[in-house]
Amino acid sequence: MLRAMLTAAAAVAALLAPATAHAGEGGPGIPPLTDGQGRVLTLRGWNIEDKTHRGEQALSAITERHLRDLRAQGFNFARLLVFWDDLEPRPGRYSEGYLRRIERVLDWAERQDVRVVLDAHQDVFGPAFGHRGIPEWATRTDGLPFTPHPDDWFAEYFEPAVQRAFTHLYEDDDLRRAQAGMWRTLATRFAGHPAVLGYDLINEPMGEPRPGEDLPAAARRIEREQLTPMYNRLADAVRPADRDAWLFVEPTPVVGEGVPTGLGRVRDPRVVYAPHFYDTAMEAGADYDPGAGWIEAYERAVTAYPRRYRVPVVVGEWGPPDSSLPRMNRFYRDAMASLGRYASGWAGYVWCYGGGYCALDGTGAFRVNKELTVEPYAEAVAGTVRSAAHDSGAGVYRLVYRAAPHGSRVSVLSVPPGAWRIAAEGGADVVRRTAGRAWVRAAPGALVTVTVTRG
């Protein structure tokens with residue numbers, strides 16, 4: 001039933017979404033992500049998580065090796081999953097031990113020079129339904145039924161009890177205050193931590209359709225009437241503690257099927273639009289179908305919001321569960337090209353050592369086709385990017401930018417493991433090079449071309 005509803009949503013999106021052309025960093029009309037020096041940032045990385053351990057063992061599956069291996073492959077970004085049910089196991093009682101364990105991961109990230117977004121993660125709301133996220137004490141179902149779906153956990157989002165729990169989270173004053181308090185606690189503790197780039201305010205929010213409402217219409221209403229006010233409330237909760245962090249806001253997962261979001265303006269100067277990039281068919285185990293037009297429909301839909309509200313885009317999760325199918329090589333190439341047209345960055349799902357979604361196998365080697373996520377890119381550009389593109393076939397990355405007339409003059413490039421040649425032209429020089437990185441200094445206002453060539 002869920003799959004049929006989402007397929008219908010994709011068809012609706014194909015009719016509603018306008019055609020879009022993209023060129024350059026961030027795509028036309030989409031501003032780039034920037035740092036405190038005004039440099040244009042590109043984030044490339046992965047989610048890191050521990051969904052298994054709780055209480056005193058929470059986050060114990062994450063080690064410094066995760067961050068070290070991530071950086072060694074050229075990635076500079078991690079989206080760290082944190083759980084409200086671990087942070088506040090009882091109302092108003094925040095776990096100091098859990099905060100220390102989050103801080104330990106952030107300290108590792110700082111040591112490895114990896115930027116982190118803290119993601120308030122939920123799957124199927126939380127522990128009341130056998131998952132992680134929103135505490136059981138904050139779960140209200142009005143006695144509506146819930147039936148587990150062990151072979152299709154995502155279908156559990158459409159159980160009446162789960163949908164009603166989201167409605168109460170959005171509408172009940174005491175739960176609104178509790179959610180704001182949770183974020184105020186995190187922001188107060190981690191404001192100013194060198195590794196923290198921002199906060200993802202809630203993972204994959206869902207809601208409750210009204211009788212007779214189809215999925216695209218329900219998603220747009222929930223985003224407009226419930227998610228937008230929630231994000232504004234949470235921004236107000238974070239800002240007294242942390243003025244600098246970026247706030248990452250997500251639409252419902254329905255956007256993954258090419259349905260334009262109904263999300264409204266979040267009244268904060270440092271907002272990032274953070275959709276996820278999943279195809280229902282591939283999530284169910286199907287191979288990539290280039291002729292289906294899914295990536296094209298997604299790209300058309302997902303770029304409308306950031307152009308309208310002038311916010312950067314960072315895709316918070318993407319990647320199929322089985323990367324070994326015959327057309328997955330084509331998928332990764334198409335996906336990387338698409339993400340490069342409009343996004344300031346992305347986090348693949350998930351940086352772990354094993355099977356399924358894991359990026360790496362038990363030996364630490366990339367699982368088949370996932371090595372295609374490794375390529376040269378500009379981590380930070382001191383100027384205005386004119387174009388940035390990687391030709392994977394030729395093994396050439398080329399960056400063209402107008403250097404800033406004042407302020408920082410040094411840009412940083414990430415270079416993957418292996419032999420790469422780096423050349424800078426137009427009043428610029430490579431002033432430093434280490435394993436995995438290069439620093440380019442440019443004359444003020446110069447039009448700079450940097451070329452990174454494999455071999």
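Analyst: Helices (H or I, at least four residues) and strands (E, at least two) are DSSP runs, numbered from the N terminus. The model is a predicted one, in which local features need pLDDT of at least 70 and side-chain atom pairs count only at pLDDT 80 or more, while totals for chains, interfaces and linings use all residues. Residues are numbered from 1 along each chain as its sequence is written, and side-chain values use heavy atoms, with hydrogens and water left out.

Nine of the twelve residues of H5 are buried, so the helix is largely enclosed by the rest of the structure. Buried here means under 20% relative accessible area, exposed over 50%, and partly exposed in between (1.4 Å probe, protein chains only). The buried residues of H5 are Ala161, Val162, Gln163, Ala165, Phe166, Thr167, His168, Leu169 and Tyr170. Their cover includes helix H3 (84-87), helix H6 (173-190) and helix H7 (215-238), where contact means heavy atoms within 4.5 Å.

One of these covering elements, H6, has 18 residues and reaches 26 Å from its first C-alpha to its last, close to the 26 Å expected. The buried residues of H6 include Leu175, Met182, Trp183, Leu186 and Phe190. Just after H6, Gly192 takes a positive phi of about 85°. Further along, Glu204 lies in the loop between strand S6 (196-200) and H7. Phi of Glu204 is near 40°, a positive value in a residue other than glycine, and Glu204 is buried, with a relative accessible area of 7%.

Most residues other than glycine have a negative phi, and most peptide bonds are trans. Asp113, in the loop between helix H4 (96-112) and strand S5 (115-120), has a positive phi near 60°. Asp113 is partly exposed, at a relative accessible area of 39%. A cis peptide bond, with omega near 10°, joins Tyr349 to Val350, and Val350 is found in the loop between strand S12 (345-348) and strand S13 (377-381).

Strand S4 (residues 77-82) holds Ala78, which is buried with a relative accessible area of 0%. Ala78 and Arg115 are 37 residues apart in sequence, yet their C-alpha atoms are 6.3 Å apart in space. Leaving aside neighbours within four places in sequence, Ala78 is in contact with Trp46, Ile48, Leu67, Leu70, Val114, Arg115, Val116 and Val117.

For the chain as a whole, the secondary structure comes to eleven helices and 20 strands. The radius of gyration is 21 Å, close to the 23 Å of the globule rule for 455 residues, so the chain is as compact as a globular protein of that length; the radius is taken over C-alpha atoms, and the rule is 2.2 Å times the number of residues to the power 0.38. The C-alpha trace spans about 70 × 50 × 45 Å along its principal axes. Buried residues make up 58% of the 455 residues. Among contacts between residues at least 6 apart in sequence, 72% join residues at least 24 apart.

Terms used:
The expected span of a helix is 1.5 Å times one less than its number of residues.
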